[in-house]
Amino acid sequence: MKRFLFLLFVLFFANPPVFANPSFNDMFDQHGSIMLLIDPRTGSIVDANKAASVFYGYPLHQMRSMRIQDINTLTPAQVKAERELAAQESRNYFVFRHRIANGDIKTVEVFSNPLVFSGRKLLHSIIVDISEKRLLEEAIFHQQSQLEQTIADQTEVIAQDYKKRLWMLVITLVLVMCALIYVVIVRRKEQHLSQKLSNQKQRLANVITATRAGTWELNLQSGELYVNEMWAELVGFSLDELLPMSVRKWNRFIHPDDLAVSKKAINDHLDGKLDFYTCELRVKQKNGDWRWVLDRGQVTKYSASGEPLIVSGTRQDISERKLAEEQIISSHNQYIGLTANIPDGTYSVTFDEEGVTSFDYVSPRFCELLQVEASDILADSQIAFSKVHPEDLEGLMKANIRARDYAETFRWEGRFIINNETRWMRIASNPINVQKENPVWVGIMSDITEAKNTALSLNLASNVYRNAREGMMITGLDNRITDVNAAFTEITGYERGEVIGKDPTILSSGRHSGDFFNNMWNDIQNEHYWSGEFWNRRKSGEFYIQRTSISAIIDDKNEVREYLCIFSDVTLERSHESELERIAHYDSLTNLPNRLLLSDRLNQAMKQSKRHHQSVAVLYIDLDRFKEVNDTFGHDIGDNLLVQVSEAMEQCLREGDTLARIGGDEFVAVLPDGDGKIGYVNVIERLLSAATSPITINDVEICITASIGVSIYPQMEVIEADQLLRQADQAMYQAKLRGKNRVHFFDEKEEKAVRHHHAGTERIQQALNNGEFELYYQPKVDMQKGRVIGMEALLRWNHPVLGTVAPDLFLPAIESHEMINDVGDWVINEALHQMQQWHEAGYALNVSVNIAAKQLQNPLFVDCLRQHLNQSSNYTSGDLTLEILEDTAIDDLEQVAKVISDCMNAGVKISLDDFGTGYSSLTYLSKLHVNELKIDRSFVKDMMTNQDNLQILEGVIALAKTFDIPVIAEGVESLGHGEVLLKLGCIYAQGYAISRPMPAAEVARWIDNWQKPDNWKIASL
């Protein structure tokens, strides 16, 4: 059957004479059958597939350099004889004996067909190993031949004896009278020979019976067919049931697929093409089963003309052999499939005389584990050893040598480097055929990396369990403690031996209801997990808060084995959290809610307002004159005042109202559940009264007032909580403007005006971003010496529609806005840049810039100033002067004094601008260390007509001389103003009489052309 399948295969692929489809190469390389492409002219092996390389034991590249004569053991004459025999037998396969790489001789059937590749004719040969089958056939044939030879020998002996008996009979008849007694002897001998012949026939019958061979004889002339009892048994009948036999009845027992083959084989023998008839075929038994038999026969009688007359033969049951062959094939296929799919790699190795390892076989999984090609590792075993981790190679070699030397089991675990990744492998092999000189080791290789990692993880888990800071407790399904770790003892105070086998309720605090624990266990049963916090009790009786997670431990059968409880003591943490909660949400001085908690309460009140269709009032409360209390009586008295006022205001609130302190002397009250403005009047009046009532502290009666701004929610437009708070703040500011100690409700019309103002600030920001600002410069001169001492930088807005806009028209809009810092920062940077250009042109000019109050209060002001100075090359100390308004200076004297000191340390001069306008100028002047005083232009402008202003001017000049501070007069609009100032002792001046402000490009030309007026020269004498 196998030969038949191969014949079909060969006939299928032999049909096209030219095969150039790429799929042939894929089939040729990957096919499991042994295939060769041979040049018929030279016998060179043009190509071989992987199966051929494995069968012959040569690498593919070596086989492609060999000739078929290198592996065929038959001589050319024998090869020729085999080919002639194949031609005679009309078969397209040949039987050769091939030598493989290890020296073994294999009997093979070679199926060859011509194929044409690119005009080149090659023989496509398919090799089938029939060594075992051949041995079996030869053994059977030898036995049959022996049997036939024995029968022939015995027949010859009988024939010879028979002739001898005839001769003796003739002699006896002739000599009857002479040898009567001899007749008796001959008769006895005849009886003896007859018995011997009978015994020989019996022995022949016994041999036939012992071999279980059916015999048959066919008379070709009469068509009579004789079979023995054993032949009948092979088809399940008795001989009587079959008689009379005929060729037609013989053919009815043969399988239809085998009938043509059988007929052809016997006809080929009768035609003289085959020396004998042999055929493997299936015969049908009486019960319908099919059995494999081997029919062998030969012509035993010919006519005088040489025509065959009688054919005799035997039939043997070969079902078991066929079954064994099928089992071998199936077992082989199963082995290949097993080794290809099991997770472990399989291999076999041998050692040569020098101990060098060679792989005979490696499975696909083995190659996958080592990331190698099978052909490469079969050709060079060192590829496998090169992948062993250098630290583990010595151990592998020692184990290898010991197993080789003592032919014992090989066991080893170690690391391999596979694609730059360390993998753990376990290798185990056993020697087979140890009786041979070179036994084979067959083994498996397993990747145990995950197992190693798991072992490490388990070890780590064990260490974690023992050394964890969290307490761990394991309980069984009976809710009894089976194990605890050291942290458990540290937290609870119970030693391990005291709790093993006990119920965890020994830790119960009694503070939780039964429902609490029932719900806990319901979660554990349903979800296999629970986490939360509850109170427990230590061995000492002390209660503590325990953060706990309980997990069910599930086994491989998805059943709960035990429970793991992990817990930690969070008592101190919860205590700290409570304290942090209070600090985060409450004012530390008054213990009122702070801004954060106020925001939450306000949002909740607004949501509730929507649900209940009620209003919410937000009151912004600012204590008037509180700064005077701090300055007069000190901060301790001020803090005490805040506490008492907050307590008094809290007493006026209703349940559900909130009073919060948001900083300094500012408070906010949230009053929900109202009905418009009227509904809040009584509460607001009580609050205002509580804030303004006299309070006695340390025998000192203190009276303050409060300004309250109120905004009501909801409104016509949708607003957020922070908008509502800003509205209340704006209303409070209006209350202060209207005289303080009063209440002002937010007006939406005023809000629109504020929005318009906001739109103005956005346009100013746009002007700054677009580079629409420019600095003009007005000179400052020494009227006595007639020289320019500096320039004051004045901001101008080059509006694309309005033209050049003076600062009085736009700066007030941003005086209280953060944008004033950006504008002021730009002015300083631009002035320093222009000063550097003048210095490079040879004009050593001091430049002064005006500083806004909010800019001066910016904590980053001095740092930004230093940064600008550092970036200005060639800056000399004193080149820049900052002009600070007197009102700004006296509003926060301590802060301004510190800023002045820091600026002077940075190399900047300070000028006190608009001096004389502040009500406390003389009081605070001694505390402000400035470099210059600038007399306000209002005094200078009217000094010629207003005697009071002239006297003030004289007093300021005298005061400056007392403190040795230079003084500059602003507003010098005529030469007469200069003359008077010179007579009063003021030599520095600035004003239109000298020059109007000018662009930077005109300054140099003006300086070059300016001269001191003549009448100032006279006044200077």
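## An exposed loop residue

At 79% relative accessibility, Asn420 counts as exposed, where exposed means over 50% relative accessible area, buried under 20% and partly exposed in between, worked out with a 1.4 Å probe and protein chains only. Asn420 lies in the loop between β13 and β14, and its C-alpha atom is separated by 9.9 Å from that of Lys387, which is 33 residues away along the chain.

## The model and its confidence

This is a predicted model, in which local features need pLDDT of at least 70 and side-chain atom pairs count only at pLDDT 80 or more, while totals for chains, interfaces and linings use all residues. Residues are numbered from 1 along each chain as its sequence is written, and side-chain values use heavy atoms, with hydrogens and water left out.

The average pLDDT of the chain, that is, the predictor's confidence in each residue on a scale from 0 to 100, is 83, and 85% of the residues score at least 70. Over residues 4-22 the pLDDT stays under 50, and the model has 26 contacts for them beyond four places in sequence, a contact being heavy atoms within 4.5 Å. The pLDDT is also below 50 over residues 754-759, a stretch with three contacts in the model beyond near neighbours in sequence.

## The chain as a whole

The secondary structure of the chain comes to 38 helices and 37 strands; these are DSSP runs, with helices (H or I) of at least four residues and strands (E) of at least two, numbered from the N terminus. Of the 1021 residues of the chain, 42% count as buried. Among the contacts in the chain with a separation of 6 or more, 54% are between residues 24 or more positions apart.

## Cavities

Rolling a probe the size of a water molecule over the atoms shows where empty space is left. The structure holds four cavities of 30 Å³ or more, a cavity being a set of points, on a 1 Å grid over the protein atoms alone, where a 1.4 Å probe fits but cannot get out, and its lining residues being those with an atom within 4 Å of a point. The largest cavity contains about 240 Å³ of space, a volume being the space filled by probe spheres set on the points, with grid points joined across faces, edges and corners.

The largest cavity is lined by 18 residues, of which Tyr347, Phe359, Phe385, Phe410 and Ile427 are the closest to its centre. Two or more lining residues come from each of β11 (345-351), β12 (357-362), α15 (382-386), α16 (390-406), β13 (410-418), β14 (421-432) and β15 (440-447). The lining divides into 15 nonpolar residues, three polar and no charged, where Ala, Val, Leu, Ile, Met, Phe, Trp, Tyr, Cys and Pro count as nonpolar, Asp, Glu, Lys and Arg as charged, and the others, Gly among them, as polar.

Phe567 lies in strand β20 (residues 560-569) and is buried, with a relative accessible area of 2%. Leaving aside neighbours within four places in sequence, Phe567 is in contact with Glu470, Gly471, Met472, Phe488, Ile491, Thr492, Tyr544, Gln546, Arg547 and Thr548. The C-alpha atoms of Phe567 and Phe488 are separated by 8.4 Å, although the two residues are 79 residues apart along the chain.

Met783, by contrast, is found in a loop, between β28 (773-782) and β29 (787-799), and is buried with a relative accessible area of 0%. Its C-alpha atom is separated by 7.0 Å from that of Lys1012, 229 residues away along the chain.

## Backbone details

Most residues other than glycine have a negative phi, and most peptide bonds are trans. The peptide bond from Leu243 to Pro244 is cis, with omega near -5 degrees, and Pro244 lies in the loop between α9 (239-242) and α10 (247-252). The peptide bond from Tyr713 to Pro714 is cis, with omega near 5 degrees, and Pro714 lies in the loop between β26 (705-713) and α26 (721-737).

His528, a residue other than glycine, has a positive phi near 65 degrees; it lies in the loop between α20 (514-527) and β18 (529-537) and counts as partly exposed at 31% relative accessibility. Asp964 has a positive phi near 55 degrees and lies in the loop between α35 (947-962) and β35 (967-970), where its relative accessibility of 68% makes it count as exposed.

Technical notes
1 Å grid on protein atoms, 1.4 Å probe; cavity = no way out; pocket = protein on both sides within 12 Å on 5 of 7 lines; lining within 4 Å.
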